Amino acid sequence: MNKTSEVALTLSDDIDQVHKGNFPRDIPEDRRRFSDFQLKIYDEQIAQKKIISEFNWPFLFNADSREPEIAGVGASLMGSFFTLIVCLLLSFPLGILAAIYLEEFAPKNKITEIIEVNVNNLAAVPSIVFGLLGLGVFLNYFYLPRSTPLVGGLVLALMTLPRIIIPCRAALKAVPPSIREGALALGASKVQTVMHNVVPLAMPGTLSGTIIGLSQALGETAPLLLIGMVAFINVVPSTPFDPSAVLPVQVYLWSESAERGFVEKTSATIIILIFFLAFMNSFAIYLRNKFEKRWS
Amino acid sequence: MVNEKIKISTRNLNVYYGVKQALFDINLDLFEKKVTALIGPSGCGKSTFIRCLNRMNDVIDICKVEGSIKVDGEEINGKEIDVNVVRERIGMVFQKPNPFPKSIYDNIAYGPRIHGLANNQDDLDRIVENSLKKAALWEEVKDRLNQPGTGLSGGQQQRLCIARAISINPEVILMDEPCSALDPIATAKIEELIDELKKSYTIVIVTHSMSQAARVSQNTGFFHLGKLLEFNLTEKIFKNPDNKMTQDYITGRFG
């Protein structure tokens with residue numbers, strides 16, 4: 001106590017906008033969002049060089065807030081991460097196994113045909129319908145925790161499944177029959193032939209299909225609104241069972257806010273989102289090139 | 001032909017693709033450690049026939065095989081027969097070389113691995129080396145066993161496929177036009193190889209080349225429109241066939 005120490009504080013949202021020149025200062029006081037007194041203090045601080053601009057690191061780590069100057073995407077980044085993990089863990093193994101079964105083992109009959117048509121149709125179902133399904137089944141029937149990455153991941157997994165199954169089947173179909181015949185003629189069983197010789201060749205196509213499907217899931221907003229991931233959450237989630245937002249929903253939330261400061265936050269979030277999508281898609285291309293093997 | 005041991009015999013073998021009949025009552029005996037050539041115009045059923053012998057037609061849904069196929073007197077055509085065991089005994093080499101997109105070593109080691117033929121790494125190395133030697137490919141690839149099998153030339157790839165087929169020590173090797181995708185030099189090498197292999201294996205080869213059939217085989221069967229028109233010693237077939245059609249086909253009057 002009785003000690004003088006220096007602290008760094010953020011400018012309030014309105015003065016921040018003045019500082020950036022977004023708010024004109026020459027209009028009458030009663031039509032501005034800031035008073036003459038605030039302006040006077042601001043000018044004094046400027047004169048003493050106490051106001052400095054620097055890179056907003058806390059933006060990456062903070063949770064959402066009603067005050068744009070301290071709001072950040074930390075919570076929605078973690079939310080998106082958990083959601084994608086849940087989605088990947090469910091849709092990848094299920095999708096690949098379903099594709100292998102349908103393409104290689106399923107008997108050709110009416111039931112298989114109906115399943116195939118449905119898988120293809122599911123890929124074209126509007127995503128908000130999956131949100132309604134999540135609301136009806138996961139929240140209202142199974143009572144899973146609302147607004148959580150767990151439920152978000154479940155809903156997105158349903159949406160991603162056909163988007164993994166379809167490219168995986170196409171990749172399996174593209175494996176030349178001569179490879180299967182070669183393995184079968186050696187006395188390999190059907191399962192051995194498929195698992196040892198066909199699936200590895202279909203992996204590049206499957207992996208890039210999966211990543212494209214996941215990056216679509218990352219950008220998905222509509223279904224998550226319906227399962228409550230649109231709620232205002234001001235703590236960073238630490239598990240998939242904590243309420244959370246995700247990046248695209250954060251964009252949606254902030255774009256609706258009145259404060260001028262959220263315009264910049266919205267843009268910054270969009271840049272982060274697009275950066276992630278570009279990164280994931282490049283990774284898909286890298287994987288495809290790395291695992292792609294030529295065969296005659 | 002009298003004192004030779006019959007390895008495979010088919011009786012009243014009929015094959016249908018859906019409603020279309022592809023083979024009609026084939027009765028054919030294949031002799032042990034001999035090369036049997038099957039000749040005939042395209043679409044006459046030669047390939048369909050040899051694919052029956054190791055049950056490869058099972059892969060085709062609409063294909064139905066009726067009749068009896070006996071290997072060493074043991075029936076192999078039937079739902080209750082384990083096809084994987086049949087294919088372990090009767091290997092096959094295809095028209096187009098189809099090495100797995102794996103290393104040369106793994107191409108050969110695949111069969112022994114899935115059938116558990118090697119007890120340890122040394123065993124496996126020995127099997128790979130012997131198979132490649134028997135297929136006359138060892139000298140060419142011994143320094144690059146870890147390189148992909150698909151990087152070899154066409155003729156080498158086909159010999160790799162032959163090495164792969166003999167790696168699990170089958171009793172019979174079926175060859176479905178093994179040289180049709182190869183140049184004359186590679187073809188000559190495969191033919192030499194077949195000559196060598198017949199000391200240990202029974203070989204059935206489908207070919208479109210009359211001269212190849214004459215060079216490599218001891219017995220020849222002539223197929224036409226799904227029927228076996230003539231089967232005899234190769235010499236007899238080429239010099240003095242009983243059937244007019246055979247004569248016409250061999251001399252190039254149709255086909």
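Both faces of strand β9 of chain B are covered, with Asn219(B), Gly221(B) and Phe223(B) buried on one side and Thr220(B), Phe222(B) and His224(B) buried on the other. Here a residue counts as buried if 20 or more other C-beta atoms lie within 10 Å of its own, as exposed if 12 or fewer do, and as partly exposed in between, the C-beta atoms being placed from the backbone. The strand spans residues 219-224, and six of its six residues are buried. Helices (H or I, at least four residues) and strands (E, at least two) are DSSP runs, numbered from the N terminus.

This is a predicted model, in which local features need pLDDT of at least 70 and side-chain atom pairs count only at pLDDT 80 or more, while totals for chains, interfaces and linings use all residues. Residues are numbered from 1 along each chain as its sequence is written, and chains are lettered from A and ligands numbered from 1 in the order in which they are written.

Strands are said to pair if DSSP finds at least two bridges between them.

| Strands | Sense | Bridges | Residues opposite each other |
|---|---|---|---|
| β3(B) and β9(B) | parallel | four bridges | Ala37(B) and Thr220(B) |
| β9(B) and β10(B) | antiparallel | six bridges | Gly221(B) and Phe231(B) |
| β1(B) and β2(B) | antiparallel | eight bridges | Ile8(B) and Leu30(B) |

β9(B) and β10(B) also form a hairpin with two residues between them, and Leu225(B) in that turn has a positive phi of about 50 degrees.

Elsewhere in chain B, four strands form an open sheet in the order β2-β1-β4-β5, with antiparallel pairing. Because β2 (20-31) and β5 (74-75) of chain B stand at the edges, each with a single partner strand, one side of each is left without a neighbour in the sheet.

Turning to the contact between the chains, chain A contributes 18 residues and chain B contributes 21 residues, where two residues are in contact if their C-beta atoms, placed from the backbone, lie within 7 Å. On the side of chain A that touches chain B, the elements giving two or more residues are α8 (177-185) and α9 (190-218) of chain A, and α8(A) gives the most, with six residues. By class, this side of chain A has seven nonpolar, seven polar and four charged residues; Ala, Val, Leu, Ile, Met, Phe, Trp, Tyr, Cys and Pro count as nonpolar, Asp, Glu, Lys and Arg as charged, and the others, Gly among them, as polar.
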